[in-house]
Amino acid sequence: MDRETRIHVDADVIIRNKETTKEENISVNGIECVWHWDDGSRDAAEYWAVIDWVSNTFGNNIDCFSIKSWTSSPKKEEG
């Protein structure tokens, strides 16, 4: 049985635009994450969810980024 928890992650991230070299602080809410209990820690799952979001959103348009903070809560089941 695969033990998992579905989570929503909110994060504050600093990104630096590759062309302008300007840094921007962004806040994102509701990144979906699935934590598979037997595969790693919840912190790691949440952290990688934020990294994946940054990569999918900005692609190769940023020079670097830093995750300032993140919080999470279990996703509420619809129904």
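Predicted model: local features only at pLDDT ≥ 70, side-chain atom pairs only at ≥ 80, totals over all residues.
**Entry 1. Strand pairing.**
I started with β1, which spans residues 4-17. I looked up its pairing with β2 and found twelve bridges, with the two strands running antiparallel. I then checked β1 against β3 and found eleven bridges, again with an antiparallel run. To see both pairings at one residue, I picked V9. Its bridge partner in β2 is I31, and in β3 it stands opposite S72. I also inspected the hairpin of β1 and β2, where five residues sit between the strands. T21 in that hairpin has a positive phi near 60 degrees.

**Entry 2. Helix α1.**
I took the helix as residues 42-58, which makes 17 residues. From first C-alpha to last I read a reach of 24 Å, close to the 24 Å expected at 1.5 Å a residue. Which residues of α1 are buried? I listed A45, E46, A49, V50, I51, V54 and F58. I asked next what covers them, and the cover includes β1, β2 and β3. After the helix comes G59, and I noted its positive phi, near 55 degrees.

**Entry 3. W35.**
I located W35 in strand β2, residues 23-36. Is W35 buried or exposed? I read a relative accessible area of 18%; the limit for buried is under 20%, so W35 counts as buried. Leaving aside neighbours within four places in sequence, I listed its contacts as R3, E4, T5, I7, G40, S41, R42 and A45. The side chain of W35 reaches the backbone oxygen of G40 at 2.8 Å. I also looked up A49, which is 14 residues from W35 in sequence and 9.7 Å away in space, C-alpha to C-alpha.

**Entry 4. T5.**
T5 counts as buried at 17% relative accessibility. Not counting residues up to four places away in sequence, I found T5 touching C33, V34, W35 and W37. With W37 there is a polar contact between side chains, at 2.8 Å.

**Entry 5. Aromatic pairs.**
I found three aromatic pairs in the structure. One of them is W53 with F58, which I logged as edge-to-face, with 6.0 Å centre to centre and 80 degrees between the planes. W53 is partly exposed, with a relative accessible area of 24%, while F58 is among the buried residues of α1.

**Entry 6. Salt bridges.**
My search of the whole structure gave four salt bridges. As background, side chains of opposite charge can pair when their charged atoms come close.

I looked at R16 and D63 and read 2.5 Å between the closest N and O atoms. R16 lies in strand β1 and D63 in strand β3, so this pair ties together parts that are 47 residues apart in sequence. R16 is partly exposed at 26% relative accessibility, and D63 is partly exposed at 42%.

I then took R42 and E46, with their closest N and O atoms 2.7 Å apart. Both lie in helix α1, four residues apart, about one turn of the helix. R42 counts as partly exposed at 26%, whereas E46 is buried at 3%.

For R6 and E4 I noted a salt bridge with the closest N and O atoms at 3.4 Å. R6 is partly exposed at 42% relative accessibility, and E4 is partly exposed at 32%.

How values were computed: Residues numbered from 1 in each chain as written. Heavy atoms only, no water. Buried < 20%, exposed > 50% of the residue type's maximum accessible area, 1.4 Å probe, protein only. Contact = heavy atoms within 4.5 Å. Polar contact = N/O pair within 3.5 Å; in protein donor to acceptor, adjacent residues only side chain to side chain. Expected span 1.5 Å × (residues − 1). Pairing = 2+ DSSP bridges. Phe/Tyr/Trp six-rings, centres within 6.5 Å; stacked < 30°, edge-to-face > 60°. Salt bridge = Lys/Arg side-chain N within 4 Å of Asp/Glu carboxyl O.
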